[in-house]
Amino acid sequence: MKPMKPYPFYFVIAALALYVTFFIIPSLAGIAYSFTDWSSYSEEVSFVGLDNFRTILSPDESYLSFIGNTLVFTFWTIILKTAFGLGLALLLNRGVRSFVNGYRVLIYLPAILPTLVVALIFRSILNPATGLLNSLLRSVGLDGLALSWLTDPAIALYAVIGVDSWKGIGYIMVILLAGLQTIPRDYYEAAEIDGAGAWAKFRYITLPMLAPALMIVTVLNVLYGLRIFDIVYALTNGGPGYATEVLSTEIFKAFSKGQFGLGTAISSILFLILVVTGYLVIRVMERQPDRQ
Amino acid sequence: MTIRVKGASIPGALRLMGLAGASSLALVMASDASLAAPKLTLTYMASQEWVKDAEQDLAKKFEEKTGIAIDFQILPSDQYFNVLQTKLNSGEGPDLFGGQSGVTDLKLQYNVEKNAVDLSKEPWASKEDPLVAAQSTVNGKLYGMTYWDIVGNTWVVSYNKKLFAQYGLSVPTTYAEFKADCQKLKDAGVQPLFEPVAPGWHHVLWFLELGPRYEELTPGLADSLNANTATFAGNAAMTSAVTQLKEVFDNGYMGQNALADVYTDASKAMASGKVGMVLANTGFASLVEHDYPDMKASDIGVFLMPLADNQRVNINPAGPTHFIYSGSPNIDAAKQYLDFLAQPENMDYFIDHTPTAMTLPFEGTKTKFSADAQAMFDTHKDARGTVYQTAVTYVNPQWMDIGADLTAMFTGALTPEKVLSNIDKRRADLAKAAKDPAWKK
């Protein structure tokens, strides 16, 4: 039999050229510009070494808190979306018997709403004086729980996390549900014959078999969380003060102010965090099956 | 995204019909010379809010008179400077462009010596208020026409006269008196002050608009700041103003919802009768009456911002300004348009048809200030000064940062001293970026 001939290399040249022109070169240029004082205030662009990075990492500046906010946002959205997404996926996979497709649509619906729409709705709902949430809480006598959700710096970031999780749970649920449906029922039947309870089946069958899907959602959540911009920008614009400022909103602000060198330096740091975190998450999760 | 605002003029309609293939109708109508298609279309690019309806009306009249149409290209304010700079730097600027005057911005943001046309010899130039014209002038050359109500846009505290009378309050002239008034209103269950902190820009006015007061207490301070021989941090009057602003917030005078309030609700708040005061420009009373006819403009009084015991009128001579692009092939037509706008009858039309405009900064222009505002300006006619976002370099570009810092101060995350030192730090960064020689010493 004649061996299959591979496609010639030049088939990829066009795609490669586009990738290099529109991704690799701009990315490298961005990293190069992070070592300059490029700004809209001067036509000259000078090499400033690590000055921009020193500024960002200085304890006298607020940038470290923006990095902290980004990490806190990422951590909690991963936990909330995965926990609730998994719970709902389990429920819809086996627990609920009727109107399953309807529930799936309802739970997935927030994921397809534009972020700006979600933010505007929640800005109204979470308004401390006139918002629906506080009005409801007050109407049932829970005045103490009627908080300044988006304007109290102690809780504003968590309110944003809550809104983003609400929007994203459906998406995560769909991925995990797909993973759950690939697990053969035979495994559960065999475990039941051996006397395994619900927790044992979850711990020793569902979780290991779902590991690939969990890895996908974790990596997706990590990359999404670290790059978060739209929901923060639309809900709080980084405020009150800097309580919800994250790296991407600060990059946007730096560019808006014409501080291009500083903006590219923050982008470079975000890129580094993304690469390192993404790599670590994949390594850690790849080891999980070996432990079973 | 560009929003093109086009008047529904007949020539405009003809162009549309021509595109749609309605050429026969167009030919019939074109027999009337006054309805002919414009011989030229000038593009005018501006930020949101800078082009008032009255100017668009005037542009239509200009087209009827000269056959030169104005194509307004209005962009969202947060994208405007980036788009404009891209167009100017790529040599594809519009015939006319809007910009914020102010000597620092003229050089840094617009590079007017390269991108704009010298208008010093235009007939209207000598009639423009010198204080205002100075903000569009670089090296003795006037580059822009500020067609904006500069004096009327002075930010003052508007107050509900009926509430003040009901609770026996007098107009405060010091911070202590202001605080006492606020406390009395609060005790009576009235929100003393509607202060919209959420948008991030309004509460900054309380601090930077007091430039004339800082200058009064430390003559030459703005020059020293610009020469990098003085700082915001450590200045007693500034520290006092910021600390007092925090006290106003901490005491609850701004209400419980200040961090979520937005400025667009200011007239509604004032008209509700549940709010004692609002920091707004002098046209605010007319605007409230326009939006809520039950509340009369005469029921709203004004007084100067009393932080740091200020009793000087804070004028910002900078404002949205018309520039002609130096690379435009239609410079003469663009000059003709500016000259048309400056005709007395057209300025009167603009003032009459713009609720927030009380006057225009040109000699002999009419005014429509309320009696209270006029009295305030008359009383303090010799006590005027320039606000610090205009008088001091590298302050205006960090306006929103200062807003975020002040909000952080309200919430306890920053001290007043730190707010001021942050301003110095950002000024130094911007000066360094601009390679300002005063920061190289």
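Which handedness does the crossing have where α20(B) passes α21(B)? I looked it up: the crossing is right-handed. By the convention I used, a crossing is right-handed if the near helix is turned clockwise from the far one by less than a right angle, and left-handed if anticlockwise.

I am working on a predicted model, where local features need pLDDT of at least 70, side-chain atom pairs count only at pLDDT 80 or more, and totals for chains, interfaces and linings use all residues. Residues are numbered from 1 along each chain as its sequence is written, while chains are lettered from A and ligands numbered from 1 in the order in which they are written.

**Helix pair.** I took helices (H or I, at least four residues) and strands (E, at least two) as DSSP runs, numbered from the N terminus. Helix α20 of chain B covers residues 399-410, and helix α21 of chain B covers residues 416-433. They pack at an angle of about 160°, with axes 9 Å apart. That makes the two roughly antiparallel (angles over 145 degrees; under 35 is roughly parallel, 65 to 115 roughly perpendicular, the rest oblique). Axes here are lines fitted to C-alpha atoms, for helices over the stretch in contact, and angles run from 0 to 180 degrees between N-to-C directions.

I then listed the contacts (C-beta atoms, placed from the backbone, within 7 Å). From α20(B) come D401(B), I402(B), D405(B), L406(B) and M409(B). They meet P416(B), V419(B), N422(B), I423(B) and R426(B) in α21(B). The residues of this contact divide into six nonpolar, one polar and three charged. Ala, Val, Leu, Ile, Met, Phe, Trp, Tyr, Cys and Pro count as nonpolar, Asp, Glu, Lys and Arg as charged, and the others, Gly among them, as polar.

**Domains of chain B.** The assignment, automatic or from a database, gives domain 1 (3-20 + 36-148 + 318-352) and domain 2 (155-315 + 380-439). Their centres, taken over C-alpha atoms, are 31 Å apart. Seven residues of domain 1 and six residues of domain 2 form the contact. Helix α5 of chain B (residues 103-110) gives the largest share of the domain 1 side, three residues. That side has three nonpolar, three polar and one charged.

**L42(B).** Is L42(B) buried or exposed? I find L42(B) buried, because 23 other C-beta atoms lie within 10 Å (20 or more is buried, 12 or fewer exposed, in between partly exposed). L42(B) sits in strand β2 of chain B, residues 40-47. Leaving aside neighbours within four places in sequence, its contacts include I68(B), L96(B), A333(B) and Y337(B). L42(B) and A333(B) are 291 residues apart in sequence, yet 7.8 Å apart in space, C-alpha to C-alpha.

Note on methods. Two residues are in contact if their C-beta atoms, placed from the backbone, lie within 7 Å.
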